[in-house]
2 protein chains.
Amino acid sequence: MSNDEPACPTLGDVSAAEFRARLHEVADWIADYRETIATRRISPQERPGAIAAALPASAPAHPEPLAAILRDLDRVIVPGLVHWGHPAFFGYFGSTTTAPGILGEMIAAALNVSAMTWRTSPAATELESVVLEWLRQMLHLSDRHQGIVYDTASVATMHALAAAREALGLDIRRSGLAGRADLPRIKVYASSEAHSSVDKAVITLGIGEENVTRVPADDEYRIVPAALEAEILKDMADGHRPCAVVATVGTTSTTSVDPVEEIAAICRKHGVWLHVDAAYGGAMALLPEERWAMAGVDAADSVAVNPHKWLFVPLDFSVLYTRRPGMLRAVFALTPEYLRGDASANAENYMDYGIQLGRRFRALKAWMVFRTFGEEGLRSRIREHIRLARLLASWIEADPAFELAAPVPMAVVCFGVKRENVPAREIDRLNEAIVQSVNETGEAYLTQTGLRGRTVIRLAIGNVLTTEAHVAACWELVRATAARLG
Amino acid sequence: MSNDEPACPTLGDVSAAEFRARLHEVADWIADYRETIATRRISPQERPGAIAAALPASAPAHPEPLAAILRDLDRVIVPGLVHWGHPAFFGYFGSTTTAPGILGEMIAAALNVSAMTWRTSPAATELESVVLEWLRQMLHLSDRHQGIVYDTASVATMHALAAAREALGLDIRRSGLAGRADLPRIKVYASSEAHSSVDKAVITLGIGEENVTRVPADDEYRIVPAALEAEILKDMADGHRPCAVVATVGTTSTTSVDPVEEIAAICRKHGVWLHVDAAYGGAMALLPEERWAMAGVDAADSVAVNPHKWLFVPLDFSVLYTRRPGMLRAVFALTPEYLRGDASANAENYMDYGIQLGRRFRALKAWMVFRTFGEEGLRSRIREHIRLARLLASWIEADPAFELAAPVPMAVVCFGVKRENVPAREIDRLNEAIVQSVNETGEAYLTQTGLRGRTVIRLAIGNVLTTEAHVAACWELVRATAARLG
């Protein structure tokens, strides 16, 4: 990357020999990073603005060598990151950094093809189809479920609801929703525990945030089917049009599982699209003993599963499976003139199934992860994460100073301190302070979540590097912190 | 990646030593690929389904070694790709494969952090802000333009129009568009040459495809401002509500440039949001002598620029700059409970500006490309691509058997055969046959496009590996093919 190309210093790319040397330099950087990740502070101590202030305010006028860039990477950037790949990172939904995932992204970047249509890179489209078929089988979805890869589950949910909106048969693609006296209000239903991406999708689609009905959840944070049906009936009586129900398999806060079979029956009865958000929980279907979590999903019109959540494929890789792919095409298929001639009989053109035109070759990394681990390897890792979560839950239950805040059906544990005769608000503040204090040590990383107005500690397991020792050390840190703080 | 971890064969990741060895193996694979890319067939000869048929129908049950995966990569996948990085690939908008871009993606994959909020990885958010500020300066946009990175320009345009829709002040986020007797039709305007992503965005947003007015373009494929204003006035008279105009700097077919200054004045006069699609053409602003192309864009409410089109950053990396970031937040900001505590004073949380929650660390690759090339290096490469395009245009003009089909303001050349007394349809078919025949040689890659109902050949230059020799060889191939075919 240095300017050692005398003939033509600012044209072309670096020389082949130079590039090869730099690739090996970066390969070692990655190996070193991964080898030492467990010894790093997980989260930084910088104040907002400190990192930006350490970098130049303008782009350099002239080329800089890779060595200088890697120096700044090590000096400024890396210490300012939260290391999601650290084995004691228990935030959000774990990390999916894996060796084959990294190698897959490397190769995809070198290829840098775009899977807009079959013709723009046949192997990218066909490998996407193959990998999605492999995953469909592993998830035990119906063979009528056809998949497409998007970047995130928020985008997958938006596409599912766009298809549901079109399926109303109200000529919405062509005529839109505004200024049409004939149109009813369009209603979408989800539990109080469903992900905020439902709101973002509904806002985007012009359905309106207030037209999302948040159906109450039961004691275990699962949608109450009777309450759902009551809301649908009430809306129908009021002249509104029920459009879609979003059920969740693995909610973000507690990984609770909505009763999908009962919901599917209600949807069928009233002609409402059923979308299942199994972005996290879909992975449960790989384990025979945990397949209950996906029961009924087979009947869903659409289901989102994120291999970048619990199937070891690096960010981003979210799959939407749908029994009604024609409805997605009915919303999104266009063939701009300069892509004419790209349509090939029997070839899938994934640009016809969504808003994005440019599409990275994401299938490659999933293919490499699935092959490197094998289905049994995926299974045993998922199984181990569940075992670790339930082990932690048992430690919490055995400790009189703590209590579980929700059941632990998957690999996320919600818990908090238990104190007699202490006001709820004070306990909430203590849980919050524990999370903050643990994170400040840099030795583990937790998040907090709200459950029925209370603040609890949330610990998610999902990293291939995480062992029982990491979970035990974090638990000891939480106990010690709680004892110290109050 | 082999199963040489005796203690625990299916837990954890590969060993550090094993991973380091595999990283170097893949580094060499990438170096070999890049070193030999110019010698490869650009596009494959497979029929749809052939690649999928060569791969197993199900995921393997047990781990497979990297060597087996790389063998299949070389045997099945790579021969089935269109090699966008080949120096004679002249399709779409060129390729942005560059050495620093590949290295940046490698490191980002190893880090695998998510830039949802500032707190989820401060350096990822702050580097995004820094890199977007560097780019803003290079583009000579106003310092009131604030940027955000999305995946593609289609998504950027959708967000821009979502903000424009909210800016109507009709309470659309909350109440939506359907079933409201008070709402007018909402109208969006673009030229006949604007990208199809405008239609996809308008469909998605519930505005309705028929509410996009395609304003006629002039002889040089630029929007006619008087025609635009007439459409706006007509819609207002009919009780409709003009929402946004999408002007284009560098249309997809011919890279024509709409008269943005005049359009901005019309938008200002009628209170309509101006979005500029400079996904491709924005790069022109880096050259003092080509800055005319972005004249007036400074006044736009929003502008999309794709560094993954002509600024050497690999797919995907699209930037939306807007003077009204508050309007994007007004549409998309939500704070789900489990992200509470992530809000930090003075810190940007990019999830509040769009539909995506999970966000890859895309800023890293842009930072590495901009530093490795330097602003002067970016300039000289863009300048060289323009020089090559105009050189080709001069060859076409000097050849009595060919003619230019449109002006060549940037680095895309539209042209076709010239024949006296031959019906237009026959010439169209000949142009189409030339594209197909050239592509079948595997030595160059062209696309075709439609201009006023005619089919022409389209050749786009933008790859750092492309030299004058590649353009000359392609031109000779086109000439020989035309002579042979008709």
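Predicted model: local features only at pLDDT ≥ 70, side-chain atom pairs only at ≥ 80, totals over all residues.
Trainee: What makes Asn463(A) count as buried?

Mentor: Set its count against the cut-off. A residue is buried if 20 or more other C-beta atoms lie within 10 Å of its own. Asn463(A) has 25 other C-beta atoms within 10 Å, so Asn463(A) is buried.

Trainee: Where in chain A is Asn463(A) found, and which residues does Asn463(A) touch?

Mentor: Asn463(A) is in the loop between β11 (454-460) and α15 (468-485) of chain A. Leaving out residues up to four places away in sequence, Asn463(A) touches Gly85(A), Pro87(A), Phe89(A), Gly94(A) and Ser95(A). Contact here means C-beta atoms within 7 Å. Ile396(A) is 67 residues from Asn463(A) in sequence and 21 Å away in space, C-alpha to C-alpha.

Trainee: Why is Glu376(B) called partly exposed?

Mentor: Count again. Buried needs 20 or more neighbours, exposed needs 12 or fewer, and partly exposed is in between. Glu376(B) has 16 C-beta neighbours inside 10 Å, so Glu376(B) counts as partly exposed. Glu376(B) is found in helix α13 (residues 363-398) of chain B. Between Glu376(B) and Leu286(B) there are 90 residues in sequence but 9.0 Å in space, C-alpha to C-alpha.

Trainee: Now the strands. What makes β5(B) mostly covered?

Mentor: Five of its five residues are buried. Trp273(B), His275(B) and Asp277(B) lie on one side of β5(B), with Leu274(B) and Val276(B) on the other. Both faces of β5(B) are covered.

Trainee: How do you know that β4 and β5 of chain B pair?

Mentor: Pairing takes at least two bridges. Strand β4 (residues 241-248) and strand β5 (residues 273-277) of chain B are joined by five, so they pair. These two strands run parallel. Ala244(B) has Trp273(B) as its bridge partner in β5(B). Further along, Thr248(B) stands opposite Asp277(B) in β5(B).

Trainee: What holds paired strands together in general?

Mentor: Backbone hydrogen bonds, in parallel or antiparallel pairs.

Trainee: What is the order of the sheet in chain B, and why are β1 and β3 at its edges?

Mentor: The order is β1-β7-β6-β5-β4-β2-β3 (chain B), an open sheet of seven strands with mixed pairing. β1 (146-150) and β3 (212-215) of chain B each have a single partner strand, so one side of each is left without a neighbour in the sheet. On average, neighbouring strands of this sheet are turned by 20 degrees against each other, direction ignored.

Trainee: How do you know that β7(A) pairs with β1 and β6 of chain A?

Mentor: Use the cut-off of at least two bridges. Strand β1 (residues 146-150) of chain A has five bridges to β7(A). Strand β6 (residues 302-305) of chain A has four. Both counts meet the cut-off, so both strands pair with β7(A). β1 of chain A runs antiparallel to β7(A), and so does β6 of chain A. Val319(A) is the bridge partner of Val149(A) and also of Val305(A).

Trainee: What makes β7(A) mostly covered?

Mentor: Five of the five residues of strand β7 (residues 318-322) of chain A are buried. Ser318(A), Leu320(A) and Thr322(A) point one way, and Val319(A) and Tyr321(A) the other way.

Trainee: Zoom out. What makes the relation of chains A and B that of a two-fold axis?

Mentor: Chain B can be laid on chain A by a turn of 180 degrees and a shift of 0.0 Å along the axis, with an RMSD of 0.0 Å. That is the relation of a two-fold axis.

Trainee: How do you know that the copies meet through the same surface?

Mentor: 100% of the interface residues of chain B are also interface residues in chain A, so the surface is the same. In the contact, 142 residues of chain B meet 142 residues of chain A. Helix α1 (residues 16-36) of chain B gives the most to the chain B side, with 14 residues. That side divides into 72 nonpolar, 44 polar and 26 charged residues.

Trainee: Which domains does chain A have, and how many residues bring domains 2 and 3 into contact?

Mentor: Chain A is divided into domain 1 (1-83), domain 2 (113-360) and domain 3 (374-485). The C-alpha centres of domain 2 and domain 3 of chain A lie 31 Å apart. Their contact takes 18 residues from domain 2 of chain A and 17 residues from domain 3 of chain A.

Definitions and conventions:
Residues numbered from 1 in each chain as written. Chains lettered and ligands numbered in written order. Contact = placed C-beta atoms within 7 Å. Nonpolar A, V, L, I, M, F, W, Y, C, P; charged D, E, K, R; others polar. Domains from an automatic or database assignment. Least-squares fit on C-alpha atoms with pLDDT ≥ 70 in both. Axes fitted to C-alpha atoms, helices over the stretch in contact; angles between N-to-C directions.
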